[in-house]
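Here is a short briefing on one protein model. It covers a sheet, the nonpolar cores and a helix pair.

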Amino acid sequence: MTVTPGQAITDLPAVEPHVVADIVGALPPRLAKRLDSAVAKVATRPRSWSEDSAELRIAVDEDAELVLRTDGGTVTSAEAVVCSCLLAPACLHRAAAVSAAPLAAAQSDAGADDQPPPFAQPTSSTKTTTSTGPDSVPEGAVGDGTTPGASTAGKTAEDQLSPREREAASGLWQAGAAVLAAGTGGSGAVLQAELLRAAHAAALAGLHRAAAAAVRTTALVRGARNADPSFRLADLSAALCELLLVSHGLGADTSAHAPGGDSLAALRGVARQSYAAAGSLRLYGLFTEPVLTDTHAGAVTCLVDRHGVLSSVGDVLPHDGSPDAAAARAAAGRAVRLGDTMLSHVQLSGGGLSLSGATRSGTGRLGAGRGVRAIGAAGVGWTEAPLAALWEKPLRDQLTRALAAHSLPRTERAVGADLLFVDLTLLGPADGRLLARVDGTATPVALLPAHPEPGLAYARNLAVLADHPGLRLRAVGRLAATDRPALHLLAAELDGHRVNLGVAPLPPLPDPTPPPETGPSVAPASGDAPTHLLLRRTERALASGRRALHHDSSAPADVARLHRAALPTAATLLDGLHRAARDVPRDAFGRSHPDNPAQFARTWLAAVSYLSAFTTARCVDLWLGGE
């Protein structure tokens, strides 16, 4: 395949993070300064794949050619990137190519059962469970009202960090703080490589959770700099917050509890997710959700055993950097990878399975090992046992569970921990959102698509529902922790007909009828709590760096406004963030010198953590009307 000059680089092979760090780290300082401009120039050079698609050749100059050799579609070593120019191997061409290529998605949590991971990050430590009989309940399952963070973060024998781990955690903290101080605009290829180098050192030291957060942060920084339409600043904020929080916790005094009450085992994380024997299981399909991230595409089906415990089975694979909704929809129509069953994910969501020799991870994912035997079985409706028990739990308890899950990285959450099972009445559209009256709530709830991708059916189905006020639904949604009560709708059941809202269109609905009760035209917002004044600064720092807050003349007035709103902690954090941005270290002669951005990073981390805790505290009040 030949690529013409000027065509955007979308066909570069994925590169392991440590390869980027090694090649960029070998650059002389004079060449490192030119790296960002060289990355842009790589996209203008003609390139072609070999017939077996194992080598990509790029004509970087008239008399120089760059070759990227892949193993399974991924560049796995620095030696696999070869340039024929005179400066090789410490040449700008090699560094520019690997800096422009997508980072290889982590595959380390597939586990021994060869089940593809639903997300592209290694999971943190979860306690493996054992089974002595059918339908044993794994720790952290939704059925017993707990979360993996609460049940798997116990003490371990290794209750102290080794010097190597401390050094790796310190390197991650410093690299993350440097990225924050520079912002996405200033975090070029060199800073990204430093962060990847720290991530590789952390992974080798066994700090897998922090290493995964660092790789995720780097990928999102690249997305911001490349104007990726799927990039969201909130995603980068969450990833960087996770990186700084975990690396700070690892560097804290280990004689006390780490931030958030996590044990060292949870802060270290694991490279592979363990699967334990679960015996024989009778499972009932709940719903199927298409998965589309910046690294993976596919589908995941949630199942429930007779004890009401949720499990999942997925068909999620890495993509080439271009998310494709068609791939997610196709995965939903493929046969489930469990035993010899021929049921597709969509068929399974309304049917059932009988498993023998089942394996299940601590977070509820089913393994697909060779010893697993599966046959299709009948399903039940959402109003029948054991599924009906999910909707019988009090809404307050469900909100508490979902909010606890939101404090964990997605790959550490128990299956279904962030879901709400509700009965609702549609109220119709208002203020650009579809509102509904959820049973047990005091205020209208906004129904949102579970994924913004227009190629998925979420938005179209919500538009259909908006034309049918008064319609009663039994629904499954993912809690949105926002300043208004909101729910990302995943699936619904109408008159016994179940619809996976991201995969299939809704069936014909009855004619619209007036809603049985009226409510406010919009869902109430937390307008009396101006925490957006602090949020604005944390996001500005993330996008433009520390210097963006250096001349923030409106900060003192906003600090006073937060005090008047009875938010003294937010006011203190905003004042501290402003001071940390203005604090320029000087020597005895008054000359400025390169400073350590650690203090700014600590203040930013405290502000982001406060905003997250404030949102959590407000969410239940907003849903239940301050009950």
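In what order do the strands of the open sheet of 5 strands run? The order is β10-β9-β8-β11-β12, and the pairing is antiparallel. Note that this model is predicted.

**Sheet**
- The edge strands are β10 (310–318) and β12 (373–377), each pairing on one side only.
- From one strand to the next, the twist averages 45°.
- Strand β8 (residues 275–292) runs antiparallel to strand β11 (residues 352–361), and 8 bridges join them.
- Ala276 has Arg360 of β11 as its bridge partner.
- Helix α11 (residues 325–332) lies across β8, β9 (296–304) and β10. Its angle to β9 is about 35°.

**Nonpolar cores**
- The largest nonpolar core has 55 residues. Leu286, Leu424, Leu426, Leu447, Leu465 and Trp623 touch the most other members.
- Leaving aside residues up to four places away in sequence, the contacts of Leu286 include Cys302, Leu303, Val304, Trp382, Phe421 and Arg498.

**Helix pair**
- Helix α6 (residues 163–186) and helix α19 (residues 598–624) have axes that come within 9 Å. The axes cross at roughly 80°, so α6 and α19 are roughly perpendicular to each other.
- On the α6 side, Trp173, Ala177 and Leu180 make the contact.

Methods. Residues numbered from 1 in each chain as written. Predicted model: local features only at pLDDT ≥ 70, side-chain atom pairs only at ≥ 80, totals over all residues. Heavy atoms only, no water. Pairing = 2+ DSSP bridges. Helix = DSSP H or I, 4+ residues; strand = E, 2+ residues; numbered from the N terminus. Axes fitted to C-alpha atoms, helices over the stretch in contact; angles between N-to-C directions. Contact = heavy atoms within 4.5 Å. Core = buried A, V, L, I, M, F, W, Y, C linked by side-chain atoms within 4.5 Å. Buried < 20%, exposed > 50% of the residue type's maximum accessible area, 1.4 Å probe, protein only. Parallel < 35°, antiparallel > 145°, perpendicular 65-115°, else oblique.
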